[in-house]
Amino acid sequence: MPASDRRGLRNAVVTLRSRLERHALSLAALATAAVLAIMLYLPVGVVFVEAVLEAGRPTLAHFRSVLTDPFYVGALADVFAEPLAVGSHLEGVAGWLGAVSVSATVVRPIPGLELPVPWLALETPGVRLGLFGFTAYQAALSTLASVALGLPAAYVLATYEFRGRRTIRSLTILPFVLPGIMVAVGFYAMFGRGGTLNGLLGLVGLGPYPFIEGNPLAIVIVAHAFYNAPLVARVTVAAWESVDRRAVETARSLGASPRRAFRDVVVPQLFPAVLTGALLTFIFTFMTFPIVLALGGLQLATVEVWIYDRVRQLAYGEAATLAVLETLLSLGLTYAYLRYESAQSGLARSAGTPARRPLVPDLRTALSPRRLAIVAYGLVVLVVFVGPMASLIVGSVTDGSGLTLRHYAFLLERQLEGASYQTLPWIAIRNSLLFGVATLAVAVPMGVVISVVTARAGRAGAIVDALAMLPLAVSGVVFGIGLLRGLVFGIPLPGGWRFQVTGAVAIVAAHAVAAYPFVTRNVSPLLANLDPAMVESARALGASRYRALRDVELPLVASGIVAGAAFAFAISIGEFSSTVILAGGGDTYTMPVAVERYLGRRSGPAIAMGTVLLFVTAASFVVVDRVGGRFER
Amino acid sequence: MDRRTFIGTVGAGTVTGVAGCLTRDGGGNGDGDDGTLRIATYDSMVNTENSAGPWLKEAFEAEHDAEIEWTVPDQGLTQYVRSARENADIDADAYVGVNVDDLVRIDDELGDGELLQELEVDRLDNADRIRDELEMGDPHGRVLPYDTGYICLVYDETLVDEPETLADLTEPAYEDALLAQNAQNSDPGRAFLLWTIDAHGEDGYLDYWGDLEDNGVRVLDGWTESYSGAYMEGERAMVVSYSTDQVYANEYDYEMSRHQVAFPNGQGYANPEGMGILEGATDVDVAYDFFDFVLSSEPQAEIAQRNVQFPAVADDHVDLDSTFDEYAHEPSETVAFDYDALRGSLGGWVDDWAREFVGQ
């Protein structure tokens, strides 16, 4: 090849690269839009449209019947039935207020334990909450519990140095990936009358206490915290680690006490992250499904339970209506939060190495009130988080006669001798890991692109950003049925063709769609806090938008990206409903699917598979965080 | 390259990618008439320990010049009801694991006699071995039972006495004792609900459940949660379950005192499972051969013991293991609603029950 040609080629490559670079952002945005259109809007749209259709004609009848049914909306049914009768509604509220009374009383908060606590009893005439009201109520309580259990973990992990800190930080994600049925079985094994906790208490002559039956709502809330407190903790730790140390030092040098510096400098920077965690928790627990009925029973049914039932009965109109209302509530809340977040943009921050104090420097410090409080919290963590998982692991190696390895022998035998139509453990493990890595690779760019596009777009950005949370705000049951009807069965096209999407690629895309909001929510607050002048200077010096993003912004928000990436991986590992639908009869099943399939009249093999899931996930998270940690520095 | 060309290129790329997702509607089910019978079933037929499916496949293939391929649709028969409703392909020839509720649901959704073909029973030599009490009463004759389970109560004799009647369960002796399942999602849960409807009538069952609720019944979602979760961890003294419970307790060395089987009113609710041929099946002859094989003696014993259910054929035609006989209990009287009794009523019964129960 003559030198001039080579030069020409090199020029062409350089030009192409610079063009690609110039358009990298739009390219990524376009690809993101394409994935969302096929894997999210199409399936969700296929079902949602049923909410406004009756025998093919547009109608609002479904909404009318749901909104005026006290079973669904409780006391609000009258308001929806006659929105204009303001007078009579006000009278109703006044009558209710008049009947409220407050009195001093004594309660015993711990079931089975005579521990009287003085309390102000609020006597209110019952208000019928309806399915939506109760669902929101338990979600709000679950959110409080998750924040209360998650924040101390974030505090300890972000401010203290101790052996195994990094590993524990990696493992915080574990509860998040456990299939619901495993969590339920784990909770019974830990908190049941014959469970581990009562066994331990029995050793010191206490119990047995009916932890689960004593207050089913409380145990459901604890189970929700089991899932979501780690989420709150992780989001908060990521923000905590990116708090600008210099700002704290400046405050201290200006005479602020450590407490004051914490309150005025650190807390404002953490608050958006804590709220993000709370928001995600609320949305998740608002759409909770397997846990409530498994631990609490039908009395504690939520909206999602009814959606599942309607879908099972193929009553798509009513199911879609309930799901649309659920989604509107979640998105409305997200929008309100995002308006708040966008008002918070503050100073630029840098990801300096956070200074951590040793947790146990010497014996005297170890006995200080703060250290003792941490020890007490550690005990709570042992009971609430480690307990159910450890009890599961114990369950996988026991049967009626004591220790046994037969459940694992089953997995091994199935792997070695199983037929192709059976579910093989290794294929499940392999698929889970492959899909996890692929999801991470797809979801991180998607999430970052959406963050960049919406970061400084003001009110319009907040709307787009809220809509970008759609995957979290759509009922899992409805999304699943949308995937089945829209992608697995396919959309009929003229000429006998069908548009169908299934298999591994579809599964990764569906996982990425479910996962990118976590990347966005972790990255956006950090991005919004960067000083716009930095990007502008880079641009003024001739950097393309992509270059400015890659070389200036992303390194500064690396902690958010790594946190988001870890979530993306976790979402993919734990995802069940869309995986099982898109996997069909093929060999693209994952570990949670295998757990479900091994569940028969004997739970041992499924629990053994659940334990394998735990260990594989734990190992991968240590790796993900170690690799991610390099990018953070 | 300006923005427009660029977007055009990406667009073209997307279109090419998406084109890989276009398929042509095929003719029948499966891969055509090639001697391979694709049978859809539920998970525990193929995926759990000691499942019957692999045994059936091997034994059938050894006797016949045909092949069996098991497939497990993840939402069971509902998936095919949905497929049929959307005119999508159904990838199986036969279905093993149809119960009478399924038939009712098929007809409610798709119209009378849909999804499965009417069986020509004359083609099956062994069909007359099936016990009469397992007759599902399908007016379209679409399924034949191959096994049955009985729903009963499993209780801990160290905590409660055997309940003699369903009415006993509302007595103080059984306060906070019973675990049941959500009739919306769970087969044993639905069976138990239907049993109470049989006992108290359409007009009385909700009152009975009101009494049960006052007595502290707990309705968990499914069998796994209530049995493997709550009951096995000692939460309660009694659970709605299957009458073959002791077979497992024996196999896994659990205390028999906690695995006592009660048939209140001397009854158990029968839940026969049937097999049928899907519309559009291409290997109908093989399917008939397979069904006849399933109803012959050895497979009946194997299915019963592996699925831990009871055979569908009369006792003379099947020889069960003595351990199975010892630990699997049959009620002296069976209760079961047939097709006609359920058609048009089942949905409403379950719905009224569930709404009554969700007490906000």
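B:Ser243 sits in the loop that connects strand E8 (238-242) with helix H8 (245-251) of chain B. In this predicted model, B:Ser243 counts as buried because 25 C-beta neighbours lie inside 10 Å, where 20 or more are required. Apart from its neighbours within four places in sequence, B:Ser243 is in contact with B:Tyr150, B:Cys152, B:Val261, B:Gly268, B:Ala328, B:His329, B:Glu330 and B:Pro331. B:Glu162, which is 81 residues away from B:Ser243 along the chain, has its C-alpha atom 14 Å from that of B:Ser243.

**Chain B as a whole**

Chain B contains 13 helices and twelve strands, and its C-alpha trace spans about 80 × 60 × 40 Å along the principal axes. Of the 360 residues in chain B, 48% are buried. Among the contacts in chain B that link residues at least 6 apart in sequence, 78% join residues at least 24 apart.

Helix H4 (77-85) of chain B has B:Leu77, B:Gln79, B:Tyr80, B:Val81, B:Arg82 and B:Ser83 as buried residues. These buried residues of H4(B) pack against strand E4 (94-98) and helix H5 (100-110) of chain B, and also against helix H24 (476-488) of chain A.

**The contact between the chains**

The contact takes 64 residues from chain A and 56 residues from chain B. On the side of chain B that touches chain A, two or more residues come from each of several elements, including helix H1 (3-19), strand E3 (67-71), helix H4 (77-85), helix H7 (223-230) and helix H13 (346-357) of chain B. H7(B) gives the most to this side, with five residues. By class, the side of chain B that touches chain A holds 22 nonpolar, 17 polar and 17 charged residues.

A:Arg193 lies in the loop between helix H9 (180-191) and helix H10 (196-203) of chain A, and A:Arg193 is partly exposed, with 18 other C-beta atoms within 10 Å. Leaving aside its neighbours within four places in sequence, A:Arg193 is in contact with A:Asn198, A:Pro208 and A:Pro210 in chain A, and with B:Glu233, B:Gly234 and B:Glu235 in chain B. The C-alpha atoms of A:Arg193 and A:Phe211, 18 residues apart in sequence, are 7.3 Å apart in space.

**A helix pair in chain A**

Two packed helices are described by the angle between their axes and the distance between the axes. For helix H12 (residues 216-241) and helix H14 (residues 258-286) of chain A, the axes come within 8 Å and cross at roughly 155°. Because angles over 145 degrees count as roughly antiparallel, H12(A) and H14(A) are roughly antiparallel to each other, and their crossing is right-handed. The residues that meet include A:Leu231, A:Val235 and A:Trp240 in H12(A), and A:Leu270, A:Val274 and A:Phe284 in H14(A). The residues of this contact divide into twelve nonpolar, eight polar and no charged.

**Confidence**

The predictor gives the complex an ipTM of 0.89 and a pTM of 0.89. Chain A has a mean pLDDT of 85, and 93% of its residues reach 70 or more. Within chain A, confidence is highest in helix H6 (residues 130-159), at a mean of 94, and lowest in strand E4 (residues 117-123), at 65. Chain B has a mean pLDDT of 89, with 91% of its residues at 70 or more. Over residues 10-16 of chain B the pLDDT is below 50, and beyond near neighbours in sequence this stretch has three contacts in the model. Where pLDDT is low, the predicted coordinates should not be read in detail.

Conventions
Residues numbered from 1 in each chain as written. Chains lettered and ligands numbered in written order. Predicted model: local features only at pLDDT ≥ 70, side-chain atom pairs only at ≥ 80, totals over all residues. Contact = placed C-beta atoms within 7 Å. Helix = DSSP H or I, 4+ residues; strand = E, 2+ residues; numbered from the N terminus. Nonpolar A, V, L, I, M, F, W, Y, C, P; charged D, E, K, R; others polar. pLDDT = per-residue confidence, 0-100. Axes fitted to C-alpha atoms, helices over the stretch in contact; angles between N-to-C directions. Parallel < 35°, antiparallel > 145°, perpendicular 65-115°, else oblique. Left-handed = near helix turned anticlockwise from the far one by under 90°. Buried ≥ 20, exposed ≤ 12 C-beta atoms within 10 Å, placed from the backbone.
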